[in-house]
Amino acid sequence: MSEQKPAWMEMGLSSEEYAKICDILGREPNYLETGLFAVLWSEHCSYKHSRPVLKNFPTEGKYVIQGPGENAGVVDIGDGQALVFKVESHNHPSAVEPYEGAATGVGGVARDIFTMGARPIAALNSLRFGSLEDPRVRHLFSGVVEGIGGYGNRLGTPVVGGDIFFHPSYQGNPLVNAMCVGLVDHKRIVRGLAAGPGNLVVAAGAKTGRDGIHGCTFASEEFSEETEAPDVQRGDPFLESLLIEACLELMEKGYVVGIQDMGAAGLTSSSAEMAGRAGTGIEIDVSLVPQRDEGMTPYEVMLSESQERMLLVIEPQHRQVVMDIFAKWGVEAAVVGRVTEDGIYRVLDGEIVVAEIPVKALTDSPVRYPEQREPEYYQRLRNWKPDDLPVPEDLNSVLLKLLSSPNIASKEWVYIQYDHQVMLNTIVGPGADAAVLRIKGTKKGIAMTTDGNPRYCYLDPSRGGAIAVAEAARNLSCVGAEPLALTDGLNFGNPEKPEIFWQIKQVVEGMSEACRSLEIPVVSGNVSLYNETKGEAIYPSPVVGMVGLLPDVKRCTTSAFKDSGDLVVLLGKFHPQLGASEYLAVIHGLEQGEVPEIDLAEEKQVQLCCRELIREGKIKSAHDCAEGGLAVAIAECCIPGQRGATINLPFAGREDALLFGEVQSCILVTCTPRELDSVLKTAEKAGVTAAVLGETGGRHLIIRDRAERALINQHIEEMEKVWRGSIASYF
Amino acid sequence: MKFGVVFFPGANAADCFYVIDQLIGHPVSPIQPEERELDGFDCIVLPGGFSYGDYLRAGALAAATPVIEQIADFAEQGGLVLGIGNGFQILLNTGLLPGAMRKNESLRFRCHDVFLRVENSRTPFTNRYHQGEVIKYPIAHGEGNYYIDSEGLAQLEQNGQVVFRYCNEQGEVIPAANPDGSVRNIAGICNVKGNVLGLMPHPERCSEEILGNTQGLRLFLSVLDWWGIHTQEGVMTDE
């Protein structure tokens, strides 16, 4: 075990940071003050490593009402309505206590949404886990899924989508990123400001206990043998549902000046950030904070991460009516402080001042500029060429093997544990390219998805980042939605390692480039670093959560082949590559080669074309060509449609590359023979290549090459069995 | 004829309210759990969800609220009571319907479509269905594994109190079609008089074209039909 270190070092501050604190205060900080700095200057709260990099993201656009810097991003969806959304990680807690870790992740991000005045209407989850062969991974995975359901279902917010990727790099450090989407009228948007000196500060919700103290500094360290996990917080979704109703009523009645969730670093970060944004000071008396445990010190009260707590700023004359509304909903609330004008963050314990720090010093944390270095593996792995790779004899069994790979297989085992229908808005639920919800009282719909291929991001972080954005947008386009904006969940290893910091920079650069080309700004996000176990980092794992708009929700489509006798058309240039593919990993045990190229200008046109075809009702199905390549993509349309297809590939190349090579900017659509001309014309007008591949029908998927040799001849039932049953077979 | 939907905190009352108010367009009022006065209501809906978080046992806390204390009298006087999902669990907790709920056999929450066979189409809630008709409803529950002892079961069967059973698309009541382990694939039951129905599947979630399924709407329309016929013929049993 470690030797006795000074408190500031134990709390994760560097010696330079500690010196700077002494300099700011003109004295040494006391224990509590040190703790306040440690949490607010932690990576989790301050983004001190990632801030300069994140500046790359475009954050403005015609739909943006609120970009990064608030509790969540806000985009306009017309009719005076807006969507509020954000993704947040709960990786470290989920690795320790999967059920509660995931549950509180769902609860935490939902609070970020209703904090803005919005009612949560949908939740999504992006999960990254090790191999299901490992019993510990199965335990974690099963617990996380149960935790997401346990919280989301009780909250009454439908869990409508997400994505899952399995890879050994997550064996000891799974990723759990939860996204929440809320609906609000423009005029009801509320921000996290502690404005108006003399106003009162109210803590509402759960009592403050000793749980989760230093959770965010814990989240800013690597896991090692010595890591001591703090108590993981426990979630109470019922209390949260009451908090939602109480807070939304208060906001609707105009009693809320500012409001913020007490998330990471609890009372400390919420109060300091609210004062920081408003340019005010704030005073908190810990003796007034309702406490669950006896004998809590000011330090414990300030740093507790007990769940389901909100901090509100209200005007003094509304004190009684606010308390009455909380009481009506059975939510405990207490005035715990006031807004001041001196710009000082002051903590009192009754009469005694126990901490006194300029607000700006807490919120303007020092920025770190770590070294970056291209990792040794990068050139070596990308230079690999598939020339010596043997083409498998039996391509049918390769297809089945890919369909049963957990990365491709149906995630049904997971999502049937989530209530995805509550609120009666779900038009397209989980398992589709993107989820679609109607907005009651209007014609329109919204679509949402999460995406990110960690293997691409490892082998080529910049291109992988760009693809993550492009694929999310493509998935929205496949259901007919125009992408509006995205929220980013950036999960990486230890940024103090130059190779990791290089990955971060490259991924963000790639994402930013795609955001600019596709005109999709970043409006909110979350950074989770130090995702390592015993010095081994996870694959670079950006998660893109994106929302889109459908002007007419009745004009949306899914991947399923709808009728027999329809034509299968491929939109986009088809140049499949074996590098970085799921096929290469699953069948040949190799993770190398060049990541599929992406031409963002072409991507934009393909998506535009697909959306136009859907809106004009010319196509019956649309599906993105992704992991597993063209053969898997077609199979994924056959299975839910319960009908086969006969495909005659008009392309040349090695068979495995044609069938399973991966490619960007390609969408499979179907239309009636009568509509074909019109579909091809629309594509031509958009400058998009379109190729007729074959026809739907029968009970088999048959794929022939140019010499009319059947490469694939597979019964749907056989494909469905392995695809649907794969993940369930581990449990 | 007036509907009331009980708004237990933690329950999804808004969904049932929406269906009656917006889709059927019939008068409906929210009822608070503290309400003791149920005069003026003809059909009370106990909605699905997680009333009071379902922390103790599904439906247990809601069963001890003032409104539920009045429900027995209300039902006794012939009022219609419809418990969906959590509402069914509450009715079991109050004893208005016999039997009990256990956790799903899989021990996991399940949300997906199921097929149901209508076993009794003579109730106020099912008269728009045909006897033996196979319909598709979604389920969304973690505690829907219905249990009743053999004596109770015999009575249920004998009295025609089993209203819905899980089946496959062809209407066969087989173990593979049972999503939660319920005794005899039971998905919904009524009391002897037939005016209290509890079911685990969610008719309110399949009552609108845009959601892809309207088979649940007929359950709500059945209530209106029954009421219309009932009052026309002037055979109000208890008033």
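In chain A, helix α19 (residues 461-479) and helix α22 (residues 600-615) have axes that come within 8 Å and cross at roughly 15 degrees. Angles under 35 degrees count as roughly parallel, so α19(A) is roughly parallel to α22(A). This is a predicted model, and the points below walk through some of its helices, sheets and single residues.

**Helices packed against each other in chain A**

- Two packed helices are described by the angle between their axes and the distance between the axes.
- The way α19(A) passes α22(A) is a left-handed crossing.
- On the α19(A) side of this meeting are A:Ala470, A:Ala473, A:Arg474, A:Ser477, A:Cys478 and A:Val479. They face A:Glu603, A:Gln607, A:Cys610, A:Arg611 and A:Ile614 from α22(A).
- A second pair is made by α8(A) and helix α10 (residues 237-252) of chain A, with axes 8 Å apart and an angle of about 35 degrees.
- Here the crossing of α8(A) past α10(A) is right-handed.
- From α8(A), the residues A:Gly150, A:Tyr151, A:Arg154 and A:Leu155 take part, and they meet A:Pro237, A:Glu240, A:Ser241 and A:Ile244 of α10(A).

**A sheet of chain A with a helix across it**

- Strands of a sheet pair through backbone hydrogen bonds, either parallel or antiparallel.
- Strand β4 (residues 119-129) of chain A runs parallel to β5(A), and 7 bridges join the two.
- Within this strand pair, A:Ser126 has A:Asp163 of β5(A) opposite.

**Another sheet of chain A**

- An open sheet in chain A has 6 strands in the order β14-β15-β16-β21-β17-β18, with mixed pairing.
- Its edge strands are β14 (426-428) and β18 (522-528) of chain A, and each of them pairs on one side only.
- β18(A) is joined by 6 bridges to strand β17 (residues 482-491) of chain A, and the two run parallel.
- Opposite A:Gly489 you will find A:Asn526 in β18(A).

**A β-α-β unit in chain B**

- A right-handed β-α-β unit is made by β1(B), helix α1 (residues 13-24) of chain B and β2(B).
- In a regular strand the side chains alternate between the two faces of the sheet.
- In strand β1 (residues 3-6) of chain B, B:Phe3 and B:Val5 point one way while B:Gly4 and B:Val6 point the other, and all are buried.
- Parallel to β1(B) runs strand β2 (residues 28-31) of chain B, joined by 4 bridges; the bridge partner of B:Val6 in β2(B) is B:Ile31.
- Strand β3 (residues 43-46) of chain B also runs parallel to β1(B), with 3 bridges between them. B:Val45 in β3(B) stands opposite B:Val5.

- Is A:Thr104 buried or exposed? Its relative accessibility is 1%, so A:Thr104 counts as buried.
- A:Thr104 sits in helix α7 (residues 98-114) of chain A. Leaving out residues up to four places away in sequence, A:Thr104 touches A:His90, A:Gln233, A:Arg234, A:Gly235 and A:Gln307.
- A:Pro358 belongs to strand β13 (residues 352-358) of chain A and is partly exposed, at a relative accessible area of 29%.
- Although A:Pro358 and A:Ile344 are 14 residues apart along the chain, 4.4 Å separates their C-alpha atoms.
- Beyond its neighbours within four places in sequence, A:Pro358 has contacts including A:Ile24, A:Leu25 and A:Tyr345.
- B:Asn168 is found in the loop between β9 (162-167) and β10 (186-190) of chain B, and with 14% relative accessibility B:Asn168 counts as buried.
- Residues touched by B:Asn168, not counting those up to four places away in sequence, are B:Phe115, B:Val134, B:Ile174 and B:Ala177.

Conventions. Residues numbered from 1 in each chain as written. Chains lettered and ligands numbered in written order. Predicted model: local features only at pLDDT ≥ 70, side-chain atom pairs only at ≥ 80, totals over all residues. Heavy atoms only, no water. Buried < 20%, exposed > 50% of the residue type's maximum accessible area, 1.4 Å probe, protein only. Pairing = 2+ DSSP bridges. Right-handed = clockwise from strand over helix to strand, strands pointing away. Axes fitted to C-alpha atoms, helices over the stretch in contact; angles between N-to-C directions. Parallel < 35°, antiparallel > 145°, perpendicular 65-115°, else oblique. Left-handed = near helix turned anticlockwise from the far one by under 90°. Contact = heavy atoms within 4.5 Å.
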